[in-house]
Amino acid sequence: MSVSNFISKHLYQGQQKAANKLTAQLRRKAYESGWPTKASRHLTVVPADTSYQVKYPNKHSKIIEDAEYGTPNTPPNPVVRQFMAGVRDTEMTAYFDKVLKKGRFI
């Protein structure tokens, strides 16, 4: 395996692993912040080039966006925006560092 293929493969795996972990953390944060379960359990963090973004099914967009941005009768509860502002690539970087330290590229 070439070095560039190794790096690409493991960066992708690291991003996927980090996205899964971030998804669980975001869902927990939304639930703990008082979001309806129906909204919090449909949030998914996905890799987007060198960062991450949050996706959710269109059929749940109203309840999620009402929770995030508020309505005329309820104040905003910006869980997604606050969570994503604090996301770093630390999980993906930690995974890649672990792979390099194990020498799995040889």
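On the face of helix H3 turned away from its buried side lie the exposed residues Lys-62 and Tyr-69; exposed means over 50% relative accessible area, buried under 20%, and partly exposed in between (1.4 Å probe, protein chains only). The model is predicted: local features need pLDDT of at least 70 and side-chain atom pairs count only at pLDDT 80 or more, while totals for chains, interfaces and linings use all residues. Residues are numbered from 1 along each chain as its sequence is written, and side-chain values use heavy atoms, with hydrogens and water left out.

**Overall architecture**

- The protein chain contains five helices and two strands, where helices (H or I, at least four residues) and strands (E, at least two) are DSSP runs numbered from the N terminus.
- Along the sequence, these elements follow the pattern α-α-β-β-α-α-α.
- The protein chain has 106 residues, of which 30% count as buried.
- Its accessible surface is about 7000 Å², with 53% belonging to carbon and sulfur atoms; the areas come from the Shrake-Rupley method with a 1.4 Å probe, and for residues only the protein chains shown count as cover.
- Among contacts (heavy atoms within 4.5 Å) with a separation of 6 or more, 56% join residues 24 or more positions apart.

**Helix H3 and Ile-64**

- The buried residues of H3 are Ser-61, Ile-64, Ala-67 and Glu-68.
- Seen down the axis of H3, these buried residues fall within an arc of 140°, so they line one face of the helix; the arc is that of the directions from the helix axis to the C-beta atoms.
- The cover over the buried residues of H3 includes H2 and helix H4 (79-85).
- Ile-64 is located in H3, which spans residues 61-69, and has a relative accessibility of 2%.
- Leaving aside residues up to four places away in sequence, Ile-64 touches Trp-35, Ala-39, Leu-43 and Tyr-56.
- The C-alpha atoms of Ile-64 and His-42 are 8.7 Å apart, although the two are 22 residues apart in sequence.

**Helix H2 and Ser-40**

- Ser-40 belongs to helix H2 (residues 37-40) and is buried, with a relative accessible area of 4%.
- Beyond residues up to four places away in sequence, Ser-40 touches Arg-27, Ala-30, Tyr-31 and Trp-35.

**The hairpin**

- Strands S1 (residues 44-48) and S2 (residues 51-55) pair in the antiparallel sense over five bridges; pairing requires that DSSP find at least two bridges between two strands.
- Val-46 has Gln-53 in S2 as its bridge partner.
- Two residues separate S1 and S2 in this hairpin, and Asp-49 in the turn has a positive phi of about 60°.

**The nonpolar core**

- The largest nonpolar core has 17 residues, among which Leu-26, Trp-35, Leu-43 and Tyr-52 touch the most other members.
- Helix H1 (3-32), S2, H3 and H4 each give two or more residues to this core, and H1 provides the largest share, five residues.
- Such a core is a set of buried Ala, Val, Leu, Ile, Met, Phe, Trp, Tyr and Cys residues joined through side-chain atoms within 4.5 Å.

**Confidence**

- The mean pLDDT (the predictor's confidence in each residue, from 0 to 100) is 84 for the protein chain, and 79% of its residues reach 70 or more.
- Confidence is highest in H3, at a mean of 96, and lowest in helix H5 (residues 90-102), at 60.
- Where pLDDT is low, the predicted coordinates should not be read in detail.
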